[in-house]
Structure formats: structure tokens, C-alpha cells
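I opened the notebook to record what I looked up here, entry by entry.

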There are 2 protein chains.
Amino acid sequence: MRRNRFLSTFAQCLALTAMLAVGAPSYAEIDPLPSWHDGPAKQGILEFVNATTTQGAPTFVPQAERIATFDQDGTLWVEHPMYTQVMYCLERVPAVVKAKPELAEVEPFKTVLSGNREAMAKLSMKDLEAILAATLTGMSVDRFQAEVKQWLAEAKDPRWHRPFTELTYQPMQELLAYLRANGFKTYIVTGGGQDFVRVYSEATYGIPPEQVVGSAGGTHYEYDKDGKPVLIKEPKLLLNDNNAGKPEGIHLMIGRRPLAAFGNSTGDQQMLEYTQAGAGARLAMLVLHDDAAREYAYGPAHGLPETKVGTLTEKLYGEARKQGWTVISMKNDWARVFAFEP
Amino acid sequence: MRRNRFLSTFAQCLALTAMLAVGAPSYAEIDPLPSWHDGPAKQGILEFVNATTTQGAPTFVPQAERIATFDQDGTLWVEHPMYTQVMYCLERVPAVVKAKPELAEVEPFKTVLSGNREAMAKLSMKDLEAILAATLTGMSVDRFQAEVKQWLAEAKDPRWHRPFTELTYQPMQELLAYLRANGFKTYIVTGGGQDFVRVYSEATYGIPPEQVVGSAGGTHYEYDKDGKPVLIKEPKLLLNDNNAGKPEGIHLMIGRRPLAAFGNSTGDQQMLEYTQAGAGARLAMLVLHDDAAREYAYGPAHGLPETKVGTLTEKLYGEARKQGWTVISMKNDWARVFAFEP
């Protein structure tokens, strides 16, 4: 009797579960990419995820092997008029000079302190390297993290007057979430500094520090005056995570070839090629900055103005078409660009 | 009426769930570490996991920050009489010479080909480096993976006559699984080659390639004769993941300080110090090889014979006691060493 009642309740549970399942909107009814217009870019994403996650399909990929890599500057967030990390370095100069007053009269620090934008735009690559070394190295990793965190909480971008971490592209945020919901591990693979991006990657993109691959300097393990172990950031480049450095960095840090990769400039070409060259279903996409009204328009492809920040050459654009990469037009493919848009 | 029946079924479901929960053995009744004898080592592990995972406890750590790092050789699997990767390199020499016959008369290859163990034991560090370079570099990462995979499928260790991947310590396998079940991300942090360990880490330890940090050479991105992108392994050391290189490698590859770290030799000292120096509950443990009958006994600590493979100095052993690291005695703490024991 008791057993019968148990079975009967169990059967009713099953029926209830079925009712609830029918009552809920089916998966296909919920658009996982609401900020994307229908078109080849959105279609390409949906088809790729379907191909790699459908059990029994010849293109099915086990969950552990689902790796997707994203460039950051110009792919996940705004990179114009200047990379955010370069803004950080320039704005840190007064604090660096305060700690070392002898630098006030030394170039390139003198020019940066002057605030003369025209003179600053003429700084050489060697000048810039000196500024990066002074602001990104020579302190413990803990102190660096604290400095970046504080700057991000206070700094505002000049156009939208918002924290830089709000200038991420809403369609790409949806893409990150959609891929993760389908068992993909999402990585940032950036030419920017690994330690810099790791400070905000989790809060901003839901990507934990260990899934950020970037240009990386060495650290030196030592003991502070209290005998406590510290890691000091050194001005020694271990990994230049641009161009060929992106697949090399992916191998070093992840050890698997991605199934999907997303970029926007020539620095991403090798990552996209390397991804595309693997067997089975692959997705390689290129974000095109062609929306001057909502964001920026640059790059010689499509006859847009040339730029040194996020260069997309005619050659890479031709390569994209030849290899079947999908170009994402910000203007045509994105219903909205930022989460803060009305 | 229909609604009432719905609610009534729903209530019965809840009751059934409660019954099933009561019927199942409670969590505390299942020993997550059955191959560990009761004692301070096992107790230390259980208390640490309890402290870091109990909601509301002052020592609670959010799941995303639960990182545990494990040395491999001598901590997760057997390292005597010689590191498995060195065995691999020596056994690959005939294949390397077959491809480049001119090496047959060149040292140190000539000595390795002779099979004279006594002469091989006298090879210098420079000789060994030449052998490592010839067997670990100069090929694509894909080809290297295939070669290691094939060797692991065929090679047997000389004492137990089993594949090397069966020589993992069952208590440590249980510890890895227990930590993962409690939301920890488990990493291997090895002085051995990152690319080598990544070939078998997932199948052997449940640790995916991207959670293996090891000594790492550079790779070079290029195109093969068909124009396909390949990564070629270069004889250039990027990361020597030993001693201070361990915390440096952890910062480079993970970007967070571990909560728990496990090692067995002087090469692990800095990783254990770095882990221990963080705030809150920390676990730093040292595996002591003191069981000649079931495994090996070595290391000057406890008056065991000295060794060059997995050195544990009297100094480090003293450090362990001073810093409150827990020493795991293989003899006294482990009920069994290997899964294949009867």
C-alpha cells in the first residue's frame, strides 16, 4: 500500500514535471542574441553553436573542448580614440612623478605632465615604452591591481562620460553569455596587458582572470622587508600577444586550438587563421567599425579613414572574404551597441 | 479544482523529495578520502575544506577564488628512479637518430644508443639538455602530442610493469576529486614540460590542459608547405617552472594566489610559501617519501637516503615545521598508495 502510494506520487511528479515543461516557453522562442539584427552574422553564430553542441551531429564537440577566444580592444569594448590601458598609463604619470620627483624634468614624463595633447601625440614608440615601464612595472602585483581598480572606479571616457568598463558592446556580451550557456569556455586574448585586463575581466565580462591571455611581462619572486613573499612586476616582456603572438599565447596559456575566435584588426589575423584551420565546424568573425554615429568608423576596408588604433587593412579584409570569415557590421548587424542606450 | 490538484501533487512532490533525502546516506557518512588513515594530514584537509566552503564562516571563500595547485612528480605520481619525461626523452633518441642518422656517432646520442646505463648516468646537464632539445622541440605541437600519446600507450615502468599513468597516488586522486567536488579548480604546477603533461592530464587526473602550468618553451607560428598554420616547438625556455618560477608561473598562467598547494621537494618551497602567505585559511602540504616497501624512501629529512630526483632537504623540512605546513607521510597517512593494489 505504502509502495503503491509512493509510486503513484512519483508518477504524478513526472506528470507535473512534464506539464511545467510544456507550460514554459520553449528554448527556441527565447532569442539569446536580442541586440543582433537577423542577418548572416547572427545566423552564422546560431548555426555554429547548433553544429558543435548537437549530440550525434558529425560536427559535435565535447564540452571540454569548446574554447572561444575574443580579442578585447575594438572587439569587446571601445578602443578609440586611444586604448584604455594607454589612457591609464598616461594618467598614472603624475603619481609616478610624485613618487620620483626627479622625473618631472625628464622626457617623456615632462611632456605628459604638460598636458599638451599635440606634443603627446608626437611621442615616439620608445617614449611610450618608457611610460608603460614606469607605470606598469616596478611594483608588486597586488599593488598594481589596487591602483588599476581605483583608476577604473574614478576614470571616465571623454565621449560618453562613463566608466570605461561600461563601454563594452552589448551584442558581444550576449554572445559571450550565449556561448557559455552552451558549454563554451570564453577567453580574452588581447594585445593589451594581461595583468591590467584581469583586474576587471570577471566583473565586466564574466571572464575569470585565469581565462585572460594577454601581453605579459615577467615577475620576480622575492621577500619584502617583513620577509613576506611578493611578486614584483618586471620590465621584461615574456609574451607579446599580438599577430603571431596570439596563437603562440593561446598554445602557452590554454594548450588547445579554439573552435571560435573574434577580432577586429590585423593583430587578430593569425588567431583567426589558426582557429579556422582546425577540423570540423569553426567560427572566425571580424568586427567592422562602420558606425560613426553610435561608435566610430575607421579602417581602410570599405573606404573608412585609416587609423593606428585597431588597424584593419584592405589586405586582412580580403583575407577574411577569402577564408570565409564573417564580418560583423556594427551599423547593420547590431540593433544596439551599448547596454546604456535607451 | 484543477489548481487544487496541482497544488496537492506539488506538495506530495516536496514530501517525496524530503523522503528521498532522508533515505539517502548523509554527506558526513561518506568518507571522501577512503585511502587516507585518520590523522593530522587527513584532518587538516577536511578542516581546510570546511573552513573555506562553509557559508557565513569568516574563512569562507567564494567558489571562483578556490584555486588549488599540485606539483606532479613525486606529489601526484612516482618520480623514481627517474622523472617519466626524462625516460620519454631517452627512449625517443633512437627515433630521432633514425630521422637524422648523422647523430648516431655524436655525443650524447651515441651513449644513449649504447644502452649502457652506467655511462648514461654520467651524462652531464649539458648532455641532457641536448637530448631534451632533440626530443621535445623542432616539431609541430600536434606531432609532439601524437608522439607522447603513443609512447604513453606502450611504455611500462620498470618496477610495476604498468603504464606510467597508472602510477598515480590514489590518496592524491581522492584529494583532487574532493577539492573539485567542493568547488575548487585544481591545477598541476610542475617543473616538468607543460606540453608533455597536458597530453595525459585530463584522462589521468581529470585536469584539463588549460589547468596545467609547467616549464614551457616558446613556439613559433608559421605555415607548412600546404599553407596551413602550424606552431613549431622551439628550444627556447619561456618559463622554468621550478623554485621561484612556480609562483611566477602561477601568476602568469592563473593570476590568482592559490588557497592550497601540495608539493614534495625543494622545487616546491616557493609555491608553498606564496600560498601560505595569503590571508585567511590556507593549506600547504608536503608529501614525504618514506615507504620503501610500497613506493620509495628518499630525502635527507628523517635520515632517508639523499637523491637528486625530488630532493627534500633538511632545511626545507625544517621550514615546513616552522611555517606550519603539514607533512604527509606515505607510510603512515596512506592506507593504500596505488589504485591497482589489492
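**Entry 1: helix packing in chain B**

I started with a pair of helices and found that B:Gln269, B:Glu273 and B:Gln276 in α11(B) meet B:Leu316, B:Glu319 and B:Gln323 in α12(B). By class, I noted 1 nonpolar, 3 polar and 2 charged residues in this contact of α11(B) with α12(B). I kept in mind that the model is predicted.

Next I looked up the geometry. The axes of α11(B) and helix α12 (residues 314-323) of chain B come within 12 Å. They cross at roughly 10 degrees. Angles under 35 degrees count as roughly parallel, so α11(B) is roughly parallel to α12(B).

Then I turned to the other partner of α11(B). Which residues of α10(B) meet α11(B)? I found B:Lys246, B:Pro247 and B:Ile250 on the α10(B) side. They meet B:Gln270, B:Met271 and B:Tyr274 in α11(B). I recorded 4 nonpolar, 1 polar and 1 charged residues for the contact of α10(B) with α11(B).

Helix α10 (residues 245-253) of chain B and helix α11 (residues 269-276) of chain B have axes that come within 7 Å. The crossing angle is roughly 60 degrees. That makes α10(B) oblique to α11(B).

**Entry 2: how the chains relate**

I superposed the copies. Chain A can be laid on chain B with an RMSD of 0.0 Å.

I then asked which surface each copy uses. I found that 100% of the interface residues of chain A are also interface residues in chain B, so the copies meet through the same surface. The contact takes 47 residues from chain A and 47 residues from chain B. Chain A and chain B bury about 4100 Å² between them. Of that area, 57% is on carbon and sulfur atoms.

**Entry 3: salt bridges**

I looked up two pairs by name. A:Glu210 forms a salt bridge with B:Lys185, with the closest N and O atoms 2.8 Å apart. The side chains of A:Glu202 and B:Arg256 also meet in a salt bridge, at 3.2 Å from N to O. A:Glu202 lies in helix α9 (residues 194-205) of chain A, and B:Arg256 lies in the loop between α10 and β5 (260-263) of chain B, so this pair joins two chains.

Conventions
Residues are numbered from 1 along each chain as its sequence is written. Chains are lettered from A and ligands numbered from 1 in the order in which they are written. This is a predicted model: local features need pLDDT of at least 70, side-chain atom pairs count only at pLDDT 80 or more; totals for chains, interfaces and linings use all residues. Side-chain values use heavy atoms; hydrogens and water are left out. Copies are superposed by least squares on the C-alpha atoms of residues with pLDDT of at least 70 in both. Contact means heavy atoms within 4.5 Å. Axes are lines fitted to C-alpha atoms, for helices over the stretch in contact, and angles run from 0 to 180 degrees between N-to-C directions. Helices (H or I, at least four residues) and strands (E, at least two) are DSSP runs, numbered from the N terminus. Angles under 35 degrees count as roughly parallel, over 145 as roughly antiparallel, 65 to 115 as roughly perpendicular and the rest as oblique. Ala, Val, Leu, Ile, Met, Phe, Trp, Tyr, Cys and Pro count as nonpolar, Asp, Glu, Lys and Arg as charged, and the others, Gly among them, as polar. Buried area is the accessible area (1.4 Å probe) that two parts lose on being put together, summed over both. A salt bridge is a side-chain nitrogen of Lys or Arg within 4 Å of a carboxyl oxygen of Asp or Glu.
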